[in-house]
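Trainee: I am new to this model and would like to work through it slowly. Could we look at it together, beginning with a single residue?

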Amino acid sequence: TFLEAVEPGFLAKPSLARTAGAEAYAALKPDMVILKTAMKASLGDGLSALGIPALYVSLETPEDYYRDLKAIGSLFAAEARAEELILYYKAMTARAVNVVDAAKRKGVVSPRVLVVQAAGGGYEVPPASWMQTALVELAGGIPVWKGANPGAGWAAVSPEQILVWNPDVVIVISYKEDSAGLARSFKADLRFSSLSSVKQGRVYGYAQDFYSWDQPDTRWGLGLAWLSRALYPDAFASVNGRTDGMDPLEAEARRFFSLFYGMDKEKYDTVIAPALKGDWR
């Protein structure tokens, strides 16, 4: 839906199932196939045998983004554009560091943070290697679940374990519902009434539009900015002044969608603004 809004007609383009074989790709007569690295094992040999060049990208961590954007820029002879986007992410990361430094100068202690996905009536935590963990650390938080999920995907976590962790801040994620409502449900759950985060009112739904901002999506820079504000609101306000009287996070969102997707004010107001959910303000 988002890509159709960005480029009308996108949904009419050919699509392939994740289980499609190399022959299905060959039928589209591509000059080059760009795939996630995880698909190399199942498709790499087949594409190579058919003489189809492939570029494999990970795009899972900040470091992946820097490397993979450079490779994509080289492929399309758009090195300057790739460098522009890389510099955007590095600037967003540097700004998060500035927020943490400003907080430390005021004597603010690093908050202990729990990120959970609300799923099936329960809660799950991500692996330590995933973007959610990286964003918490980049934003100056301590991920309390780190080390508790050695697997390759989200892992269920019990209410008893959440009580043991007793995080200072809880961030609730959902990929199907408005995370703000699920954060309110977490706060209202009597099982969690003794948590410091609940008592201090520091339970938030991760910002969303068409996609949640916590993922290894192009929005991860926005997700980092949002998380910096959630963890260090005063320092964030001091580092990020208002732009033309606008809330700094809204100004950043407008800048992002303009830089990455060419959206002008009118398109942002009609496409993105109505889709914004979670505790994004």
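Trainee: What is the relative accessible area of N166?
Mentor: This is a predicted model, in which local features need pLDDT of at least 70 and side-chain atom pairs count only at pLDDT 80 or more, while totals for chains, interfaces and linings use all residues. Residues are numbered from 1 along each chain as its sequence is written, and side-chain values use heavy atoms, with hydrogens and water left out. Buried means under 20% relative accessible area, exposed over 50%, and partly exposed in between, with a 1.4 Å probe and protein chains only. N166 is partly exposed, because its relative accessible area is 28%.

Trainee: Where does N166 lie, and what is its phi?
Mentor: Helices (H or I, at least four residues) and strands (E, at least two) are DSSP runs, numbered from the N terminus. By that numbering, N166 sits in the loop between α7 (159-165) and β7 (169-173). Although N166 is not a glycine, its phi is positive, at about 45 degrees.

Trainee: K29 has a positive phi too; is K29 buried or exposed?
Mentor: K29, which is a residue other than glycine, has a phi near 50 degrees, and its place is the loop between α2 (22-26) and β1 (33-36). Its relative accessible area is 70%, so K29 counts as exposed.

Trainee: Which residues does V172 contact beyond its neighbours within four places in sequence, and what is the relative accessible area of S179?
Mentor: Beyond those neighbours, V172 is in contact with V116, A118, S179, L182, A183, F186, V203, Y204, G205 and Y206. S179 is buried, because its relative accessible area is 0%.

Trainee: What is the radius of gyration of the chain?
Mentor: The secondary structure comes to 13 helices and 8 strands, and the C-alpha atoms fill a box of roughly 60 × 45 × 35 Å along the principal axes. The radius of gyration is taken over C-alpha atoms, and the globule rule is 2.2 Å times the number of residues to the power 0.38. For 281 residues a compact globule would have a value near 19 Å, which agrees with the chain's 20 Å.

Trainee: Among contacts between residues at least 6 apart in sequence, what share joins residues at least 24 apart?
Mentor: Of the 281 residues of the chain, 45% count as buried. Among the contacts you describe, the share that joins residues at least 24 apart is 63%.

Technical notes
Contact means heavy atoms within 4.5 Å.
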